[in-house]
Amino acid sequence: MEAALAEELGEIAQQSRTMKVHNQVPGGVHCSGDLLDSYRINLHSRIASRVMMRMGVSGYQNENDIYDLVLAQSWEDWFTYDHTIRVDVTAVKSPLKSLEFTTLKIKDAICDRFRDQFNKRPSVDTREPDMRIVGFLDKTQFIIYLDTSGEALFKRGWRTETGDAPLRENLAAGLLRVSGWKPGVPLFDPMCGSGTILCEAAQMVQGVPPGARRRFAFEAFNDFDPAPWQAMKAAIKPNPLPTEPTIFGSDISGDMVAMTRHNLRSAGILFEVPLKQIEAQEVKAPTEQPGILLTNPPYGERIGVRGDSTLPEDELATSFYAAFSSTLKQRFAGWTVFLFTADLGLPKLLRLKEARKTPFFNGALECRLFRFDMVAGFNRREAAKPKAE
């Protein structure tokens with residue numbers, strides 16, 4: 001999602017005189033600016049997982065080099081020994097033997113710095129820390145960050161109920177962006193589960209920033225000034241509510257439809273999002289105007305929830321996708337269909353040729369966002385005719 005995030009950060013930067021977006025790196029995007037820009041990204045980014053402030057960077061040979069760099073940072077400028085901390089380390093091709101030992105060295109360096117100055121040290125809290133410190137190692141370089149977000153940004157503060165395998169909110173937002181969907185374009189999720197894709201889209205339509213309903217780690221920084229933060233939130237202007245529905249959802253499970261309805265309310269959505277309990281292979285296009293169908297179809301165990309338990313899983317999947325494919329061809333002419341799945345053989349099951357496939361990771365699970373362009377029947381017949389010489 002790096003390219004999608006870079007594009008989104010470029011849009012956020014337009015609200016700021018100081019923020020600049022730099023290079024994409026595996027797993028993130030570098031940008032620079034003043035501290036208020038970190039507030040701005042936390043408030044408005046739907047795709048980022050965390051906004052981390054770089055404290056120091058250096059080459060390293062061993063754990064002692066890492067200890068020295070961390071010890072040299074002015075942690076006391078940002079938080080006190082009364083705050084709890086948590087340290088996480090990620091590494092790509094690092095020659096160091098133990099990441100656990102490296103994590104311990106970083107924690108020791110922070111605690112030693114406080115002990116040297118104040119004769120007191122912060123405690124560790126791995127569950128709900130006030131401050132998160134993140135180390136990143138590659139083959140030759142070490143970077144130490146202070147996390148400005150706190151809880152990961154996909155935790156928007158509204159979700160109380162989830163289904164079996166909910167998408168993370170920031171992944172749903174990334175899928176919406178990569179699909180090219182924009183507010184005003186019809187959007188339909190026929191296997192909506194607990195409604196993550198619909199909630200993200202509806203907040204975008206309404207102009208509700210993803211961070212409007214939660215707290216952030218930067219609010220506990222030493223010199224945090226609430227006035228500009230409150231002003232930033234007060235400057236949010238919601239969009240006019242749509243008069244006609246453009247976002248639609250359905251699911252085979254009535255419980256899931258009820259859960260989606262509840263989650264839309266919790267997310268602060270004030271307009272109607274029509275929802276139906278119906279099997280995906282029975283759905284019809286919800287609008288005359290073609291739009292985007294985006295869904296995360298069930299695979300494996302979830303496909304068999306309402307199926308015939310006497311059939312093996314493969315047969316269930318095959319019959320489901322054959323029926324769903326017919327529905328798409330017959331009822332969704334002109335629509336662009338996006339299916340997000342870990343089943344890389346999905347186009348074969350649908351007997352459709354994808355127009356594009358974008359690789360994603362859902363946690364550690366390798367997935368694809370497959371795009372299918374549903375050509376109107378007339379065009380398909382024309383394309384099949386032999387060409388005149």
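Residues are numbered from 1 along each chain as its sequence is written, and side-chain values use heavy atoms, leaving out hydrogens and water. Because the model is predicted, local features need pLDDT of at least 70 and side-chain atom pairs count only at pLDDT 80 or more, while totals for chains, interfaces and linings use all residues.

Helices (H or I, at least four residues) and strands (E, at least two) are DSSP runs, numbered from the N terminus.

Now for the helix pairs. Helix α1 (residues 2-13) packs on helix α2 (residues 35-44) at about 120 degrees, the axes being 10 Å apart. Axes here are lines fitted to C-alpha atoms, for helices over the stretch in contact, and angles run from 0 to 180 degrees between N-to-C directions. α1 is therefore oblique to α2, given that angles under 35 degrees count as roughly parallel, over 145 as roughly antiparallel, 65 to 115 as roughly perpendicular and the rest as oblique. On the α1 side, Glu8, Leu9 and Ile12 make the contact (heavy atoms within 4.5 Å), and on the α2 side Arg40, Ile41 and His44 do. That gives three nonpolar, one polar and two charged residues, where Ala, Val, Leu, Ile, Met, Phe, Trp, Tyr, Cys and Pro count as nonpolar, Asp, Glu, Lys and Arg as charged, and the others, Gly among them, as polar.

α2 also meets α7 (226-234). Their axes come within 11 Å and cross at roughly 40 degrees. Leu36, Tyr39, Arg40 and Leu43 of α2 touch Pro228, Trp229, Met232 and Lys233 of α7, a set of six nonpolar, no polar and two charged residues.

Aromatic rings of Phe, Tyr and Trp (its six-membered ring) pair if their centres lie within 6.5 Å; planes under 30 degrees apart count as stacked, over 60 as edge-to-face and the rest as tilted. By this rule there are 18 aromatic pairs. In one of them, Tyr39 and Phe218 have ring centres 4.1 Å apart and planes at 15 degrees, so the pair is stacked. Tyr39 lies in α2 and Phe218 in the loop between α6 (196-206) and α7, so the pair ties together parts 179 residues apart in sequence.

Finally, α6 packs on helix α8 (residues 254-266) at about 30 degrees, with axes 10 Å apart. α6 is therefore roughly parallel to α8.
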